[in-house]
Amino acid sequence: MTFATARLCDTYTDKAHLQIAEPIFKLFGASLAFSGQITTIKVFEDNALVRTALSAKVNHRVLVIDGGGSHRCALIDGELAHLAFENGWQGLVVYGCIRDSAVINAIPIGIRALHSHPLKSPNKGLGNLDTVVTFAGVQFKKDYFLYADSDGIIVSETELS
């Protein structure tokens, strides 16, 4: 699907419930635009559950990670970004940090994150999968639809064409 978030906003703002994320994310990965149904994870400075989710083979899905906005460690690295791409994830939105940004920028996946940080996160296995998460002024719910490009991120309860 080819789309532009600006055009989707022009077309659907009056017709559908759209949420538009605050512009707080930096662009990473070789794909500037991505879309798909949402899977959510809520963790804090722990990426064990992130690895578990990205290990699943998926079709047209986006992983939204609520990392509590932490700037103390990275939740995604080059290995996890590559795993996500290999397993069919269209993109990742990380309310937290990534690392290995040069490696990630060569992988054909779209990633939005707050910043990069060189420290990896611990692996305690704590967190929640498929729970409602809220950040950047948006409520992300499992199976809602996310559209991201260089202009921003929008979320809709229904698929937009």
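1. The structure under review is a predicted model, and the remarks below should be read accordingly.

2. As to the overall fold, the secondary structure consists of 4 helices and 12 strands. The radius of gyration is 14 Å, close to the 15 Å that the globule rule gives for 161 residues, so the protein is as compact as a globular protein of that length. The C-alpha trace spans about 45 × 30 × 30 Å along its principal axes.

3. Concerning burial and surface, 50% of the 161 residues count as buried. The protein exposes about 7600 Å², of which carbon and sulfur atoms supply 50%.

4. Among contacts with a separation of 6 or more, 74% are accounted for by residues 24 or more positions apart.

5. The structure holds 4 aromatic pairs. One of them joins F25 and F135 in an edge-to-face arrangement, with 6.1 Å from centre to centre and 70 degrees between the planes. F25 lies in the loop between β1 (18-20) and β2 (26-28), while F135 belongs to strand β9 (residues 133-135), so this pair ties together parts that are 110 residues apart in sequence.

6. Are F25 and F135 buried or exposed? The cut-off for buried is under 20% relative accessible area. F25, at 13% relative accessibility, therefore counts as buried. F135 has a relative accessibility of 4% and so counts as buried as well.

7. F135 also pairs with Y95, and this pair is stacked: the centres are 4.7 Å apart, with 0 degrees between the planes. The pair links distant parts of the chain, as Y95 is in strand β6 (residues 89-98) and F135 in strand β9, 40 residues apart. Y95 has a relative accessible area of 23% and is therefore partly exposed.

Definitions and conventions: Residues numbered from 1 in each chain as written. Predicted model: local features only at pLDDT ≥ 70, side-chain atom pairs only at ≥ 80, totals over all residues. Heavy atoms only, no water. Helix = DSSP H or I, 4+ residues; strand = E, 2+ residues; numbered from the N terminus. Rg over C-alpha atoms; globule rule 2.2 N^0.38 Å. Buried < 20%, exposed > 50% of the residue type's maximum accessible area, 1.4 Å probe, protein only. Contact = heavy atoms within 4.5 Å. Areas by Shrake-Rupley, 256 points an atom, 1.4 Å probe, with all protein chains shown as cover. Phe/Tyr/Trp six-rings, centres within 6.5 Å; stacked < 30°, edge-to-face > 60°.
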